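User: Could you walk me through this one? I'd like to go chain by chain and then down to a single residue.

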Amino acid sequence: MTEKNKNEPAPGGIVAEVAQMTEVELREHEAEVADVVATDREFAVGQGETLLEMDNVTMRFGGLVALDGVSFDIKRGEILGLIGPNGAGKTTCFNAMTGVYRPTSGQVLLEGKPLGKTTKHKITRKGIARTFQNIRLFDEMTALENVVVGTDARHKTSVVGALLRLPRHFAEEKAAVEKAMALLEFVGIADRAGDKAKNLPYGYQRRLEIARALATEPKLLCLDEPAAGFNPAEKDELMELIRKIRDDGFTVLLIEHDMRLVMGVTDRIVVLEFGKKIAEGTPEEIRNDKAVIAAYLGVPDDDVA
Amino acid sequence: MTTTKTPSTAKPPTAPWRTSISERWNNLSRFQQWVILIPVVVLIFALPWLNPPILTTEPGYDFSIAMFDVARYCLIAIGLNVVVGQAGLLDLGYVGFFAIGAYVAALFTSPDSTLWKIPYLAAVPLAMAITMVFGIILGSPTLRLRGDYLAIVTLGFGEMVRLFADNVDALRGNRGFSNIGAPPGTRENGEPLFVNFDGKPWYVLCVAVIIIVLILAGNLERSRVGRAWVAIRDDEDAAELMGVPTFKFKIWAFVIGAAIGGLSGALYAGQQGFMNNQKFDVLTSVLFLAAVILGGSGNKVGVLLGAFVVAYVPLRFLSIAEWKFMIFGVALTILMIFRPQGLLGARQRLLAYGRQAYQRLVGRGEMVSSDTAMSAEKGGLMNGGSGAPK
């Protein structure tokens with residue numbers, strides 16, 4: 001086989017079929033895929049009520065105060081942007097939510113229940129999934145396998161069940177592969193499903209991280225600078241994808257530096273600076289907020305006081 | 001188009017002939033694979049009887065016993081591969097589990113022991129159960145450690161087991177246990193089937209056990225358990241954040257590895273018929289590890305090959321046996337420079353329905369020889385991949 005052949009979709013695969021589809025067929029197919037991706041449509045129910053609450057969260061590392069009494073809510077079905085200059089505490093905020101750090105004081109509540117000392121993998125199962133600022137995929141696995149690891153978060157097969165191949169194992173494996181395939185299509189990287197993650201192009205790796213996080217069936221999806229290193233065209237595609245994820249019933253928390261992307265896609269924005277929340281509101285309000293402008297552009301000397 | 005990251009270039013180019021063999025193998029149907037596998041398995045079973053001229057270790061060393069030794073190493077390599085290759089936990093004290101298995105078999109079947117006696121075939125599962133318990137005992141406090149620290153603790157564990165055998169009176173130190181039990185069965189002339197001077201029945205038993213263990217290990221590999229292990233090996237923190245209970249699965253890797261180690265220890269004790277404290281030093285642990293690394297950590301066929309080399313070469317070429325550690329040392333060094341993934345470094349498959357899925361999605365199998373996949377970058381097909389111009 002020549003190199004060219006290897007990268008072209010071989011006949012018979014879904015990827016090749018999709019390439020041949022008419023506009024109408026394509027839309028139907030996409031709807032089907034979206035259906036498989038968000039199996040549990042209940043997530044969309046109760047739109048607007050509080051999903052996650054940061055209640056006066058403080059994170060101290062020795063003398064450094066990374067988060068200082070930060071409070072905000074994330075509502076079901078919204079895209080919330082979390083912005084701030086470098087070192088403002090955005091990723092610390094993520095880490096406090098996903099259980100990587102435990103808040104020094106204050107608490108994180110998911111659906112009204114404090115996360116407390118819940119371990120990381122249990123928090124994922126409770127419904128918070130994330131991507132990483134520096135891509136952290138399972139390099140030696142194929143794209144499809146990476147996503148299936150995400151679906152495993154919901155699986156109940158025991159080690160003995162897997163060892164002896166009991167019926168539940170087969171049922172879960174089958175469902176997992178179906179779902180993972182749909183997810184790869186959903187984020188648009190199905191054509192490289194069989195490639196090792198480390199061999200995928202950069203943009204594909206970013207999308208694969210999103211697919212893997214979605215596979216855990218999160219109520220809240222946290223994206224940590226998903227557009228880092230993207231060109232403007234790619235950023236537009238990513239915006240589209242984030243909207244599509246929300247429309248499919250997920251709630252999204254987005255950390256991002258790119259203002260055009262944040263302003264274009266979020267419903268509400270929280271601004272952090274030096275570990276403190278300095279503003280919260282719609283993109284329009286944030287754009288005109290004096291404190292935010294000062295944080296980003298600095299304040300002329302005569303304006304102080 | 002500017003954002004495409006060049007994937008890591010650390011990997012040396014794969015030999016094209018090997019790639020094509022593994023790829024060709026993967027493109028065969030299950031049925032075709034069995035058609036090839038069954039005669040190979042029959043041939044492997046028949047080896048001690050065939051005693052092929054070049055392969056034979058005689059007159060220096062009885063060929064059937066040599067083959068049993070090779071098979072024993074293969075079984076150990078499969079067990080250690082679960083821990084080191086799949087879950088990525090460096091275990092330098094694996095000989096400890098092997099020793100515990102051997103001692104349990106000896107304690108419960110040898111007339112020298114003061115414990116009550118049970119049949120050998122009952123002692124084998126008991127040996128596995130007890131090593132599993134030791135796997136948990138060693139694992140639960142230490143598996144919170146990572147990398148080098150874990151390796152050091154396991155090294156200490158292996159030594160502890162050996163020192164116990166040296167110093168605890170009930171384990172009889174150097175005097176050891178003789179007349180250790182064996183499976184039942186008699187020959188035509190009325191003598192017992194399993195004796196320590198004829199390796200053939202032991203070899204057949206051990207190969208049968210290997211096949212069962214391989215099938216079970218394959219089941220685990222293509223399930224959430226195998227995926228969890230590889231995820232932990234690749235990036236433990238990310239795995240935990242993706243909902244993998246990493247601690248639980250690391251313990252399981254240890255326990256399953258320990259059980260296989262105990263099983264091979266019990267088989268070894270049975271074949272030898274005599275067991276004392278002389279065979280469980282650190283060097284043996286390192287030799288086990290060498291088999292796994294040499295063959296291709298993580299790949300079952302690879303570690304079988306590695307175990308074959310490590311066990312067979314010193315028996316076949318008795319004149320160089322004294323130099324084996326130096327030779328393996330040099331061989332490993334050269335291998336790590338030119339082929340860090342081991343002799344057979346093929347990746348393992350982690351999905352029960354992977355074959356069908358890749359076929360349906362992209363109309364071909366997965367990319368086994370992944371290096372070819374990174375050439376010509378192509379725009380996405382669905383809603384535009386990373387490189388797609390608008």
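Analyst: Residues are numbered from 1 along each chain as its sequence is written, chains are lettered from A and ligands numbered from 1 in the order in which they are written, and side-chain values use heavy atoms, with hydrogens and water left out.

User: Which element of chain B has the lowest mean pLDDT?

Analyst: pLDDT is the predictor's confidence in each residue, from 0 to 100. Chain B averages 84, with 87% of its residues at 70 or more. Among its elements, helix H10 (residues 246-272) of chain B has the highest mean, 95, and the lowest, 65, belongs to helix H1 (residues 16-27) of chain B.

User: Where does pLDDT stay under 50 in chain B, with 63 contacts in the model beyond four places in sequence?

Analyst: A contact means heavy atoms within 4.5 Å. Residues 1-15 of chain B also stay under 50, but the model has 28 such contacts there. Where pLDDT is low, the predicted coordinates should not be read in detail. The stretch with 63 contacts is residues 369-390 of chain B.

User: What share of the residues in chain A is buried?

Analyst: Buried means under 20% relative accessible area, exposed over 50%, partly exposed in between (1.4 Å probe, protein chains only). Chain A comes to 13 helices and 10 strands. Of its 305 residues, the buried share is 56%.

User: Over how many bridges do E1(A) and E2(A) pair?

Analyst: Thr50(A) stands opposite Lys75(A) in E2(A). The hairpin of E1(A) and E2(A) has two residues between the strands, and Gly62(A) takes a positive phi near 60° there. The antiparallel pairing of E1(A) and E2(A) runs over eight bridges.

User: Which residue is the bridge partner of Leu109(A) in E5(A)?

Analyst: Strand E4 (residues 105-110) of chain A and E5(A) pair in the antiparallel sense over two bridges. In E5(A), the partner of Leu109(A) is Pro114(A).

User: Is Thr266(A) buried or exposed?

Analyst: Thr266(A) lies in the loop between helix H11 (259-265) and strand E9 (268-273) of chain A. Leaving out residues up to four places away in sequence, Thr266(A) touches Ile79(A), Leu80(A), Gly81(A), Leu254(A) and Pro283(A). Its relative accessible area is 7%, so Thr266(A) counts as buried.

User: Which residue's backbone oxygen does the side chain of Thr266(A) reach?

Analyst: In space, Thr266(A) and Val252(A) are 8.9 Å apart, C-alpha to C-alpha, and they are 14 residues apart in sequence. At 2.6 Å, the side chain of Thr266(A) reaches the backbone oxygen of Val262(A).

Notes: Predicted model: local features only at pLDDT ≥ 70, side-chain atom pairs only at ≥ 80, totals over all residues. Helix = DSSP H or I, 4+ residues; strand = E, 2+ residues; numbered from the N terminus. Polar contact = N/O pair within 3.5 Å; in protein donor to acceptor, adjacent residues only side chain to side chain. Pairing = 2+ DSSP bridges.
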